[in-house]
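Biologist: I would like to learn how to read a fold, starting with its strands and ending with its helices. Please show me the model.

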Amino acid sequence: MSDLGTRLRAAGRRLTPQRQQVLDAVERLGHATPEQIVDTVSTKGDAPMALSTVYRSLEALQELGLVSHTHVDHRVPSYHLTTHATHIHVVCRQCGSVDEAPVEVAEEFVARLDGSLGFQADVTHAAIHGLCRTCRKQS
């Protein structure tokens, strides 16, 4: 991320302290909602950051290809570094747990979509909903 300032300037943007704080928070948390980023920045001792600032920073970082997001539920997106986008989110409908599965588990599915529809799927943004092992055992 050392060339972040250069990449932002090339895109007509600046490396503000807020953007750096947002990027650092996403990196620390792994998966983060904008609200979690606000909380993380605040608990780190930095000045409180407005949620609108976090969203604008995430938008700039996403345009540069540094962060990406996934909708793991029907609420706000969860952001992560693009270098961390090598998995599929699996979300339990019952307990709400979120786990990760390697992208390779979807290779056959992706190949079928390509073969039958000519559609090239990007499953790194996918969230699959179902029941986790624990909740299945309880049912």
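Biologist: How many bridges join E3 to E5?

Modeller: Four, and the two strands run parallel. Strands (E, at least two residues) and helices (H or I, at least four) are DSSP runs, numbered from the N terminus. Two strands pair if DSSP finds at least two bridges between them. This is a predicted model, in which local features need pLDDT of at least 70 and side-chain atom pairs count only at pLDDT 80 or more, while totals for chains, interfaces and linings use all residues. Residues are numbered from 1 along each chain as its sequence is written, and side-chain values use heavy atoms, with hydrogens and water left out.

Biologist: Which residue in E5 does Val90 stand opposite?

Modeller: Ile128.

Biologist: How many bridges join E3 to E4?

Modeller: Five, and here the strands, with E3 at residues 87-92, run antiparallel. His89 has Glu100 of E4 as its bridge partner, and Val91 has Val98. Five residues separate E3 from E4 in a hairpin, and Gly96 in the turn has a positive phi of about 85 degrees.

Biologist: In what order do the three strands form the open sheet?

Modeller: The order is E4-E3-E5, with mixed pairing. E4 (98-102) and E5 (127-130) are the edge strands, each pairing on one side only. From one strand to the next the twist averages 30 degrees.

Biologist: Is E3 mostly covered or uncovered?

Modeller: In general, side chains in a regular strand alternate between the two faces of the sheet. E3 is mostly covered, with five of its six residues buried. Buried means under 20% relative accessible area, exposed over 50%, and partly exposed in between (1.4 Å probe, protein chains only).

Biologist: Is Ser68 buried or exposed?

Modeller: Ser68, which lies in strand E1, is buried, because its relative accessible area is 8%. Apart from neighbours within four places in sequence, Ser68 is in contact (heavy atoms within 4.5 Å) with Gln62, Ser78, Tyr79, His80, Thr82 and His125. Asp3, in the segment before H1, counts as partly exposed because its relative accessibility is 40%.

Biologist: At what angle do the axes of H2 and H4 cross?

Modeller: Two packed helices are described by the angle between their axes and the distance between the axes. The axes of H2 (residues 17-29) and H4 (residues 51-63) cross at roughly 80 degrees and come within 9 Å. H2 is therefore roughly perpendicular to H4. Axes are lines fitted to C-alpha atoms, for helices over the stretch in contact, with angles from 0 to 180 degrees between N-to-C directions; under 35 degrees counts as roughly parallel, over 145 as roughly antiparallel, 65 to 115 as roughly perpendicular and the rest as oblique.

Biologist: Which residues in H2 and H4 meet?

Modeller: Gln18, Arg19, Val22, Leu23 and Val26 in H2 meet Thr53, Val54, Ser57, Leu58, Ala60 and Leu61 in H4.

Biologist: Which residues in H2 are buried?

Modeller: An α-helix has 3.6 residues a turn, so residues three or four places apart point the same way. In H2 the buried residues are Arg19, Gln21, Val22, Leu23, Ala25 and Val26. The buried residues of H2 pack against helix H1 (4-10), helix H3 (34-43), H4, strand E1 (67-70) and strand E2 (78-81). Just after H2, Gly30 takes a positive phi of about 85 degrees.
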